[in-house]
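Please go through the structure below with the report that follows. It takes up aromatic rings, strands, the core and some backbone details in turn.

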Amino acid sequence: LFPDTFKAIAFGPDKPKKIAICSGSCGEAVPQLNEFGIDTLICGELRQQHYVMAQEMQLNLYPCGHWATERFGIDALGGVLAKKFALKYSFIPSANPL
């Protein structure tokens, strides 16, 4: 399932060779992707300029939303801490569109 915030900016190869994943905001990484041979980025959020960069650099960018990409880490951390310190834990999901 894709979050409601998922977008596809596909200017790169149909079959990616090297994929990077970054949660949250990670637009600063886009200009460096070609340097590392990365043709596809799955991330949290980007800005308008990254759309143009994707065209010029022939990249696939898949911003999925800040919340959608960061919730898994914090949920996992909550579970680890609950187990370590014998705490009750539950993750409360949100329909956050950001």
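Predicted model: local features only at pLDDT ≥ 70, side-chain atom pairs only at ≥ 80, totals over all residues.

## Aromatic pairs

Trp-67 belongs to helix α2 and Phe-91 to the segment after α2, so the pair ties together parts that are 24 residues apart in sequence.

The count of aromatic pairs comes to 3. Among them is the pair of Phe-11 and Tyr-51, which is edge-to-face, with 5.4 Å from centre to centre and 80 degrees between the planes. This pair links distant parts of the chain: Phe-11 is in the loop between β1 (9–10) and β2, Tyr-51 is in helix α1, and 40 residues separate them. Phe-11 is partly exposed at 30% relative accessibility, and Tyr-51 is partly exposed at 37%.

## A charge over a ring

Phe-72 has a charged group over its ring. The group is the charged end of Arg-71, at 4.9 Å from the ring centre.

## Strands and crossover

β2 (19–25) and β3 (40–45) run parallel and are joined by 5 bridges. Ala-20 stands opposite Leu-41 of β3. On β3 there is also a pairing with β4 (60–63): these two strands run parallel, with 4 bridges between them. Ile-42 has Tyr-62 in β4 as its bridge partner.

Which hand does the unit of β3, α1 and β4 have? This β-α-β unit is right-handed.

## Nonpolar core

In soluble globular proteins, nonpolar side chains tend to be buried together. The largest nonpolar core here has 12 residues, including Ile-9, Ala-20, Cys-26, Val-30, Leu-33 and Ile-38. Leu-41, Cys-43, Ala-54, Met-57, Leu-59 and Leu-61 also belong to this core. β3 and α1 are the elements that give two or more residues to it.

Which residues does Val-30 contact, leaving aside its neighbours within four places in sequence? They are Leu-41, Leu-46, His-50, Met-53, Met-57 and Leu-59. Among these contacts, Leu-41, Met-57 and Leu-59 are members of the core, as is Val-30.

## An exposed loop residue

Glu-28 lies in the loop between β2 and β3. With a relative accessibility of 61%, Glu-28 counts as exposed, because the value is over 50%. Glu-28 and Leu-46 are 18 residues apart in sequence, and their C-alpha atoms are 8.9 Å apart in space. Leu-46 is also one of the contacts of Val-30.

## Positive phi angles

Gln-58 has a phi near 55 degrees, a positive value in a residue other than glycine. Its place is the loop between α1 (48–57) and β4. Is Gln-58 buried or exposed? At 55% relative accessibility, Gln-58 counts as exposed.

Ala-86, also a residue other than glycine, has a positive phi near 50 degrees. Ala-86 is found in the segment after α2 (66–84). The relative accessible area of Ala-86 is 70%, so this residue is exposed.

Definitions and conventions:
Residues numbered from 1 in each chain as written. Heavy atoms only, no water. Buried < 20%, exposed > 50% of the residue type's maximum accessible area, 1.4 Å probe, protein only. Core = buried A, V, L, I, M, F, W, Y, C linked by side-chain atoms within 4.5 Å. Contact = heavy atoms within 4.5 Å. Pairing = 2+ DSSP bridges. Right-handed = clockwise from strand over helix to strand, strands pointing away. Phe/Tyr/Trp six-rings, centres within 6.5 Å; stacked < 30°, edge-to-face > 60°. Lys NZ or Arg CZ within 6 Å of the ring centre and 35° of its normal.
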